[in-house]
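Thanks for coming, everyone. Please have a look at the structure on the screen, and then I'll walk you through it.

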Amino acid sequence: MAHDTADIVIVGAGIMGLSIAYQIARRTDHYRIKIVEKAPNVGEGSTGASSSILRNSYSYPDPIKVARDGHTTYKNWAKYTGLEEPRAEFHHTGVLWMMGETREVVQEFHDLMSGLGVKVSVLDPEGVHERFPSLSTCGEHFDLSFEEDHTCEDGEAFLYEEEGAYFDPVSACQDLLEAVRREGVEVRFKSPVVRVRTLGGRIEGVDLADDTQIDAPMVVNAAGPWATRLANMAGLDLGWKLRPIRAQVIYRESPPELMPIPTVVDRSSGIYFRPENRGQQILIGSILEKDEQEEVDPDDFNQNIDRAFRDTKIYGLHHRIPDLPYRGYITGVSGLYTVNADDVYPIIGPTPIEGFVVANGFSGHGFKEASSVGSMIAQWLTGKTIEFDTDADMAFFSIDRKPHALAEKSVLA
Ligand SMILES: Cc1cc2nc3c(=O)[nH]c(=O)nc-3n(C[C@H](O)[C@H](O)[C@H](O)COP(=O)(O)OP(=O)(O)OC[C@H]3O[C@@H](n4cnc5c(N)ncnc54)[C@H](O)[C@@H]3O)c2cc1C
């Protein structure tokens, strides 16, 4: 049996584990940090399939701050990572919320977000057409069963996040891998953690499948959809239902002349979509709670897309983009959300086991939040605040909170 030691072991080299390691290591060299990852490379869990949309609209101020400050790091990626030529690109699209809401409700969201420093506008249908001529501004419910008659009627008002964007998820992980190694973090691939050792309510370390023992007083659970399994290895019941849920995403060929198309969240048919591959494709996913119910084994699930899902979502896309040709190549992939079935928000921070820290349950919104999550944990651990930190309060996400009240338990939160 090989023996090793560390001050902090982070389990998982997805966007979360890498961001936590980087946020700690960029402010202090006080800790010897090791990331252990069971896969052969970065981003092979939820992160690799992420739509990686950077939007800021949430129901509460702290999640807005987390998203806003995560967005800032992605926008300033070279400066944040200290890499001269990062691989990942920031794709500015804007995010248009087509939610069928009244002008008053849209204005309320506008005021909440702009009060927190997010650049947002309220657009009327003409304002949408001026910017995005390909989009229908219908605000009516659009039934996807192919059965109900539908007459389009313009919505009253639409919230537009001026700086909304998306990012390259796997390239972002590769950049962070380079950045953490530069900062002295050791990253081990093909190293599944099979045991989390505790003694007297404190963390002692982890054991790897190859029999290596790593002694460490702190272990961070950044295991994504495997989070509950890892917590159980430490003998901890998280007290939150974190479910690995299959989440489907479609890629549809699109003629470039339909561009510009922003990132759109479309409640009329329950889809979101954004441009992909420099406008040659449109990526489509679901915002419906009913599409976030298929709990699966994260080691063994169907990674293709279902025909009914594909056909109905594409039908919804035609409603929103009436000139989209009916012919066009379609592909898709299924990834994993880790849905917190209790209130959809993640759990972040210390747990009743001393030294066991969690960053889990990010549903369909963890990518944008990762650097802020790392920032909150690093500030809590070191007491130091530096450039690109968030001022969101980690207590909002604490493991011992009461579930937050929500209008709907979907990716939108
Ligand atoms: C289809 C889809 C669309 C999405 N769209 C968006 C979006 O538009 N915007 C957004 O912000 N977010 C989005 N998300 C959510 C976001 O991608 C996730 O919240 C985020 O990637 C989670 O990152 P993570 O590092 O926590 O998990 P993961 O990427 O799953 O990383 C966890 C890692 O831990 C490793 N691991 C697990 N157990 C062990 C063990 N015992 N030993 C060693 N290693 C272990 C795994 O191999 C894995 O690599 C989407 C997700 C999906 C699936």
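Let's start with the ligand: which helices and strands each supply at least two residues of the shell around the ligand? They are α1 (15-25), β15 (242-253), β19 (330-340) and α9 (366-382). Helices here are DSSP runs of H or I of at least four residues, strands are runs of E of at least two, and both are numbered from the N terminus.

Before I go on, a word on the model. It is predicted, so local features need pLDDT of at least 70 and side-chain atom pairs count only at pLDDT 80 or more, while totals for chains, interfaces and linings use all residues. Residue numbers run from 1 along each chain as its sequence is written.

Back to the ligand. It is surrounded by 40 residues, and the closest are G12, G14, G45, G224 and G366; a residue is near a molecule if its C-beta atom, placed from the backbone, lies within 6 Å of it. The shell has 21 nonpolar, 15 polar and 4 charged residues. Nonpolar means Ala, Val, Leu, Ile, Met, Phe, Trp, Tyr, Cys and Pro, charged means Asp, Glu, Lys and Arg, and the others, Gly among them, are polar.

Now the domains, whose bounds come from an automatic or database domain assignment. The chain is divided into domain 1 (3-88 + 168-240 + 342-397) and domain 2 (96-162 + 247-335). Their contact takes 16 residues from domain 1 and 17 residues from domain 2, with contact meaning C-beta atoms, placed from the backbone, within 7 Å. On the domain 1 side, the largest share, 4 residues, comes from helix α2 (residues 61-75). And where does the ligand lie relative to the two domains? Both domains give residues to its shell, so it lies between them.

Next, the open sheet. Its 6 strands run in the order β10-β3-β2-β14-β21-β20, with mixed pairing; two strands pair if DSSP finds at least two bridges between them. At the edges stand β10 (186-188) and β20 (347-350), each with a single partner strand, so one side of each has no neighbour in the sheet. β20 pairs with strand β21 (residues 356-360) in the antiparallel sense over 4 bridges, and P350 stands opposite V357 in β21.

Finally, the hairpin. Strand β11 (residues 193-199) and strand β12 (residues 202-208) are antiparallel, paired over 6 bridges, and R197 stands opposite G205 in β12. Between β11 and β12 there are 2 residues, and G200 in the turn has a positive phi of about 55 degrees.

How values were computed. Contact = placed C-beta atoms within 7 Å.
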